[in-house]
Amino acid sequence: MDAKLVFWTLSLVNLGVVVGLALHGVRAIRQGRVEAHRRSMRVAGLLVAAFLLAYLLKLWWLGGEDKSHWSALAQWNLYIHEAFVIVMLLSGLLAWALAMRFAKSARVSGDPSDPAASPVTLRAHRILGRIAVISAAGGLLTACFVLAGMIARAH
Ligand code: HEM
């Protein structure tokens, strides 16, 4: 197996763990477990950051992919995959920034003497968070096809 295939296989596993953690985080908040939600999303965010760093290093060491032999379908799948990843990054970052605005509120601490969180910020966080989780799942699905195509072309 060549180094690029190893990199993308590990990246797919990483994205699978990110989606698993995000779904776990959604289930936790729906059960009212705010701390478990925060922890899951934090580890998922760290794994995404680790992927971005590894991707930059991969570009530097191994270069980009030669797509001249990719079918039109494979190229379109890649564009859709990249779009999912970009939406995941932007909505995830915004959801995170909004969460920081209510991190010290009673909604998170459970202590009624702490300041109340703004309902608008909570709602915006919920919507952006859902967009991030859905696009991460879309990114994972399309990544499976990207990797399958790479493996098929390598044989
Ligand atoms: C990028 C990281 C994060 C993502 C993607 C995310 C995602 C989500 C999602 C999808 C929901 C709505 C769940 C549903 O469908 O009902 C939600 C709700 C919530 N999240 Fe996060 N979350 C993140 C980080 C955080 C952090 C760091 C905190 C705590 C400081 C937090 C606190 C909350 C709370 C309190 C709610 C409930 C909001 C409400 O009452 O409507 N989240 N989050």
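**View 1. Residues around the ligand in the predicted model.** The ligand is surrounded by 17 residues, each with a heavy atom within 4 Å of it. The closest are Arg30, His37, His125, Arg126 and Arg130. This is a predicted model, in which local features need pLDDT of at least 70 and side-chain atom pairs pLDDT 80 or more, while totals for chains, interfaces and linings use all residues. Residues are numbered from 1 along each chain as its sequence is written, and side-chain values use heavy atoms, without hydrogens and water.

View 2. At least two shell residues come from each of α1 (3-30), α2, α3 (72-101) and α5; helices are DSSP runs of H or I, at least four residues, numbered from the N terminus. The most, five residues, come from α5.

View 3. His37 (NE2) and His125 (NE2) are the protein donors of the iron atom of the ligand and lie 2.0 Å from it; donors are N, O and S atoms within 2.8 Å of the metal (3.2 Å for Na, K and Ca). His37 belongs to helix α2 (residues 34-62) and His125 to helix α5 (residues 119-154), so the pair ties together parts 88 residues apart in sequence. Both are buried, His37 at 14% relative accessibility and His125 at 17% (buried means under 20% relative accessible area, with a 1.4 Å probe and protein chains only).

**View 4. Polar side-chain atoms at the ligand.** A polar side-chain atom of Arg126 lies 2.6 Å from an oxygen atom of the ligand, and one of Arg107 lies 2.9 Å from an oxygen atom of the ligand; polar contacts are pairs of N or O atoms within 3.5 Å.

Technical notes. Buried means under 20% relative accessible area, exposed over 50%, partly exposed in between (1.4 Å probe, protein chains only). A polar contact is a pair of N or O atoms within 3.5 Å; within protein, one must be able to donate a hydrogen and the other to accept it, and residues adjacent in sequence count only if both atoms are side-chain atoms.
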